[in-house]
Amino acid sequence: MTETTTDRPGARSSGGIARIVSASLIGTTIEWYDFFLYGSAAALVFNTLFFPTSDPLVGTLIAFVTYAIGFAARPLGGVVFGHFGDKIGRKKLLVISLLMMGGATFAMGLLPTYDSIGVGAPILLTVLRLIQGFALGGEWGGAVLIVSEHGGDKHRGFWASWPQAGAPGGNLLATGVLALLAAVQSEETFLSWGWRVPFLLSGVLVVIGLWIRVSVSESPVFLAAQAKAEADAARGIKDKPPVVEVFRRSWREVLGAIGTRFGENISYYILTSFLLVYVTSHLELPKSTALNAVLIGSAVHFVTIPAWGALSDRLGRKPVTLIGSVGMAAWAFAFFALVDSESFAVITLSVTVGLLLHGAMYGPQAAFISEMFDTKVRYSGASMGSQLASIVAGALAPIIAVELLKDFGSPTPIALYLCVAAVITTVTVAVIKETRGRDLTRSTTAAPPHEREAPVAGTGRA
């Protein structure tokens, strides 16, 4: 159901929502920095330091398998964080996710390598990657919801797109630090200890993020829903756990969220993480070429995501998302043709245009997915839909791309893979309902009273 409304009474002022958005953006930037840092290191460092093999491409493939393991943990994090986020609030869970992510990343910077302790090194690295994935699985839902639920209906696409900008912001930060170190250090120094610096830097960033996050207030929409749930419980009416409710009443919305994210997720990791492998291993260009191209593209990506979010407030979530998905399906083949030019300027152009199209899918996504679910299951539903997509899409994208490159020695199958993924998102978005302007305080999938848990026997309450 779609209704266009003005901002609700009690919605935060622009100054108040700006503080909430700033806290959410900084927190998500730090968390994505930690997560993407691993992806960049997997392409450039971990293949030799933790997974040494005679074939560098095989070592990279193994490193990307552990990279994918982090994605596998994300749905579990989404379920756990979603359950408690729907029960006790968004803010507390956001603080926990930041501590877990930052602690795991900092510990990676202290790990001994394969040459020092043998097989124990990749095992420890994999365990820490699982913790990263678990934390990020709970981060996304909470970060976008606390913004979506603080603001009103009219400008939700714009405000909720700012936490989305944390993804390119984190990638920009991670790639920038690695590019700087690669520029000022020799290859030997970078492999010896320089690669550890970005991971240890995470400790400082987490302290900053925590200081900002503890200052924000809880979502007013959640507090209202919590008060209603407590009043219902006092009358002996108890709702089922959020995870159960999501799969009973909102499974279509979960599938819609997965399809909406499918092409977006795959395209992002092809355009960023896999590009590093393709440029360095296949084209045999310096790693600085790929790093700097991604750096420039990510900067443009960062500043344009909120513009796409704002456009979705005017045109709707569906039209803007379709601009990105249809455009990406067409750009997939041009992207690799341009990268094969081996010109830094042309490679940068191909990445930047690709990320602009990705932003059209990603910018409206926070509001789009948030508006699909009711408040009492929104954290669980949004997290599960988003993180399940990460397993079938983002986790496998670099692995599939590397394997296709290994088997065919050509980018054409990879371009076809990217095109098909974008088509899947196009079809999904075309058939699901528009959500722009939905009042988040209104329920669209509430269970009838006779399907709720019965009052406790002996209370005398109906």
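Helix axes are taken here as lines fitted to C-alpha atoms over the stretch in contact, and the angles between them run from 0 to 180 degrees between N-to-C directions. The structure is a predicted model, in which local features need pLDDT of at least 70 and side-chain atom pairs count only at pLDDT 80 or more, whereas totals for chains, interfaces and linings use all residues. Residues are numbered from 1 along each chain as its sequence is written, and side-chain values use heavy atoms, with hydrogens and water left out.

The protein chain has 21 helices and zero strands, where helices (H or I, at least four residues) and strands (E, at least two) are DSSP runs numbered from the N terminus. Of its 462 residues, 58% count as buried, a class defined by under 20% relative accessible area, with exposed meaning over 50% and partly exposed in between (1.4 Å probe, protein chains only). Among the contacts in the protein chain with a separation of 6 or more, 88% come from residues 24 or more positions apart, contact meaning heavy atoms within 4.5 Å.

Two packed helices are described by the angle between their axes and the distance between the axes. The axes of helix α14 (residues 251-282) and helix α19 (residues 375-394) come within 8 Å and cross at roughly 45°. That angle makes α14 oblique to α19, given that angles under 35 degrees count as roughly parallel, over 145 as roughly antiparallel, 65 to 115 as roughly perpendicular and the rest as oblique. The crossing of α14 with α19 is right-handed; a crossing has this hand if the near helix is turned clockwise from the far one by less than a right angle, and is left-handed if anticlockwise. On the α14 side the contact involves Val254, Ala257, Ile258, Arg261, Phe262, Asn265, Ile266 and Tyr269, and on the α19 side Gly381, Gly385, Ser386, Leu388, Ala389, Ser390, Val392, Ala393 and Gly394. These residues divide into ten nonpolar, six polar and one charged, with Ala, Val, Leu, Ile, Met, Phe, Trp, Tyr, Cys and Pro counted as nonpolar, Asp, Glu, Lys and Arg as charged, and the others, Gly among them, as polar.

Helix α14 also packs with α15, at an angle of about 160° and with the axes 8 Å apart, which makes the two helices roughly antiparallel. This crossing, too, is right-handed. The α14 residues that make the contact are Tyr268, Leu271, Thr272, Leu275, Leu276, Val279 and Thr280, and those of α15 are Lys287, Thr289, Ala290, Leu291, Val294 and His301; by class they comprise eight nonpolar, four polar and one charged.

Gln365 lies in helix α18 (residues 365-370) and is buried, with a relative accessible area of 0%.

Phe46 is buried at 0% relative accessibility, and Phe199 is buried at 1%. Phe335 and Phe336 form an edge-to-face pair, 4.9 Å centre to centre with 80° between the planes. Tyr38, Phe46, Phe50, Trp195 and Phe199 form one aromatic cluster.

Most residues other than glycine have a negative phi. Glu284, however, has a positive phi of about 60°; it lies in the loop between α14 and α15 (287-315) and is exposed, with a relative accessible area of 65%. Glu342 has a positive phi of about 65° and is placed in the loop between α16 (317-339) and α17 (344-362), where it counts as partly exposed at 42% relative accessibility.

Note on methods
Phe/Tyr/Trp six-rings, centres within 6.5 Å; stacked < 30°, edge-to-face > 60°.
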